[in-house]
Every structure is written in C-alpha cells, then in structure tokens.
Amino acid sequence: MAPHLTVVIPVYNEESIIASAAEELRQGLDARGLDYEIIFAENGSRDATTTILEDLCAKNPRLRWFHSETPNYGVALKAGILKARGTYVICDEIDLCDLTFYDAALPRLERGEADMVVGSKAAKGASDQRPLIRRAATRVHNKLLKVALGFQGTDTHGLKAFRREALLPVIQKCVVDMDVFASEFVIRAWREGLRVMEIPIQLHEKRQPSIHLFKRVPNVLKNVGKLFYVIRVRGT
C-alpha cells in the first residue's frame with residue numbers, strides 16, 4: 001500500500017546530524033499518527049553518511065535511501081520525488097525538518113486548497129535566523145527570478161509540500177539541476193496554472209550549509225540563464 005505521505009530529503013556529508021535529525025523527524029511523524037515513508041536522497045557523500053543511512057534504514061522499514069555518485073542537490077531531489085509513493089510529498093532539508101510546516105501544509109493539501117504549498121522564508125510573518133549575507137542572497141536570487149522569469153512569489157528554495165499526482169508532469173519538464181532545480185519546480189508549477197500557495201516559516205538551521213554560498217553562484221547564474229532560454233525563448 002502506498003503511504004499517505006512521502007518525505008524526500010537530499011543529504012550530502014551529513015554524518016554529524018543525520019541520525020539525530022532522522023530520529024527526531026520519525027518521532028514527530030509517529031506522534032501525529034501519519035502513514036509515511038522518508039526517502040534520503042544521498043548524493044556524493046565522502047564521510048560516514050552512507051554507512052549511517054544503511055544502518056538507519058535497516059532498522060526501520062519506513063526509511064529508504066539511495067546513492068548518487070555525484071554531489072548534485074537538484075538531481076538528487078528530483079530522483080527522490082520520482083521514487084516517492086505517497087499521495088502527498090514534502091521536500092525537506094536535513095538541517096530543518098520543521099514539523100510545524102507539515103502541520104500547516106498538509107491540511108491545506110488534504111482540503112484541496114492548493115496543489116503545492118511553499119514554505120517561504122521571505123513572506124510576511126516569516127522569521128529567517130540565517131546570517132545576513134545568506135538572507136541577502138535569497139533576496140537577490142528571488143529578484144533575479146522575477147526579472148528573468150516573471151516569478152511573482154517570495155521564495156522557491158527550501159520546504160515544499162504538494163500533491164504528487166498533480167506535480168509529476170511538472171517534474172518531468174524540469175531541465176536544470178543543482179540549487180536552481182527547486183526554483184524551476186516552483187516556477188513551472190505556477191506558470192502552468194497550478195494552485196501554488198506560500199506560507200511563512202520560522203527558519204532555524206541545525207548547522208552551517210555543507211556547500212559555501214559563494215561556490216554556488218556560478219552554477220546558479222548558469223542555470224537561471226538556461227532556464228530563461230528554455231522558458232522565455234523556446235517557450236517550453
């Protein structure tokens with residue numbers, strides 16, 4: 001039987017927090033009486049992450065994981081979504097696992113109020129506790145998406161919940177990878193007329209990012225440029 005909910009979490013070199021974060025999430029989902037599975041989309045880890053995942057998943061049939069050789073957040077997330085079996089899917093981050101987002105997003109999906117719910121760290125009422133430089137980078141990225149692609153929301157990266165059946169055709173059309181895949185996913189859903197709802201989140205990360213902010217910039221610019229060409233020029 002397919003579960004009610006699938007949680008997809010990309011992981012890369014997360015040996016320090018993956019066991020505790022997975023246990024905290026599992027306990028929270030169990031306490032809510034949810035029928036769920038958690039898929040860890042491990043990609044390119046060079047620490048003990050894979051060994052820990054092997055042990056965690058062997059002990060709990062609700063937990064699954066798969067390995068991708070190359071570190072690539074977007075490829076891993078997309079593959080995890082395609083492997084999901086749940087009626088509803090939540091894309092989470094191992095350093096967040098914010099169950100308050102689950103509590104707010106799932107009922108909206110179940111009541112048919114939205115096809116996708118985006119947890120926005122820039123919407124009115126949100127609290128973003130990250131360093132100033134990273135908050136500024138989010139604003140710049142969102143402005144770039146508005147100018148290049150006409151995006152009208154406040155955030156595309158991070159927590160997302162959606163009806164799997166409604167969003168699978170959108171996933172199949174996505175063409176970019178790395179961090180910008182998450183942005184393309186939301187933007188395509190919005191452009192295709194699906195009901196995309198934003199809700200504010202309280203963002204408190206458990207650790208510093210595993211990849212430095214400035215190392216992401218070239219790939220972000222390249223992929224936004226590719227997305228502009230595909231959507232705006234080719235119209236696909």
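**Exercise 1. Find the ring that Arg62 lies over, and the ring under the charged end of Lys83.**

Solution. Start with Arg62: in this predicted model, Arg62 lies over the face of Tyr36, 4.6 Å from the ring centre. Next, take Lys83. Its charged end sits over the ring of Phe66, at 5.0 Å from the centre.

**Exercise 2. Classify the ring pair Phe151 and Trp190, then work out where its two members sit.**

Solution. Step one is the count: the pairing rule gives three aromatic pairs. Step two is the geometry. The ring centres of Phe151 and Trp190 are 6.0 Å apart and the planes meet at 90°; planes over 60 degrees apart count as edge-to-face, so that's the label here. Step three is location: the pair links distant parts of the chain, 39 residues apart. Phe151 is in the loop between helix 5 (132-149) and strand 7 (160-163), while Trp190 belongs to helix 7 (residues 180-191). Last step, accessibility. Phe151 has a relative accessible area of 5%, and the cut-off for buried is under 20%, so Phe151 is buried. Trp190 comes out at 28%, which makes Trp190 partly exposed.

**Exercise 3. Is the pair of Phe181 and Phe185 stacked or edge-to-face?**

Solution. Check the planes: they're 10° apart, with 6.0 Å centre to centre, and the pair is stacked. Now look at the spacing in the chain. Phe181 and Phe185 are four residues apart in helix 7, so about one helical turn separates them. Both Phe181 and Phe185 are buried. To finish, follow the ring pairs: they link Phe162, Phe181 and Phe185 into a cluster.

**Exercise 4. Describe the largest nonpolar core: how many residues does it have, and which element gives the most?**

Solution. First, the size: this core has 36 residues. Leu5, Leu29, Phe40 and Phe101 have the most contacts inside it. Then go through the contributors. Strand 1 (5-11), strand 2 (36-43) and strand 4 (88-91) each supply at least two residues, as do helix 1 (18-31), helix 2 (49-59) and helix 4 (99-110). Helix 4 gives the most, with six residues. As background, nonpolar side chains in soluble globular proteins tend to be buried together.

**Exercise 5. Now for the surface: which residues form the nonpolar patch there, and is Leu221 buried or exposed?**

Solution. The members are Ile133, Phe214, Val217 and Leu221, with about 390 Å² of accessible area together. Helix 8 (residues 213-233) provides the largest share of the patch, three residues. Leu221 lies in helix 8. Its relative accessibility is 52%, and the cut-off is over 50%, so Leu221 counts as exposed.

Conventions: Residues numbered from 1 in each chain as written. Predicted model: local features only at pLDDT ≥ 70, side-chain atom pairs only at ≥ 80, totals over all residues. Heavy atoms only, no water. Patch = residues over 30% accessible without salt bridge, like charges linked within 9 Å, V, L, I, M, F, W, Y side chains within 5 Å. Areas by Shrake-Rupley, 256 points an atom, 1.4 Å probe, with all protein chains shown as cover. Salt bridge = Lys/Arg side-chain N within 4 Å of Asp/Glu carboxyl O. Buried < 20%, exposed > 50% of the residue type's maximum accessible area, 1.4 Å probe, protein only. Phe/Tyr/Trp six-rings, centres within 6.5 Å; stacked < 30°, edge-to-face > 60°. Lys NZ or Arg CZ within 6 Å of the ring centre and 35° of its normal. Core = buried A, V, L, I, M, F, W, Y, C linked by side-chain atoms within 4.5 Å.
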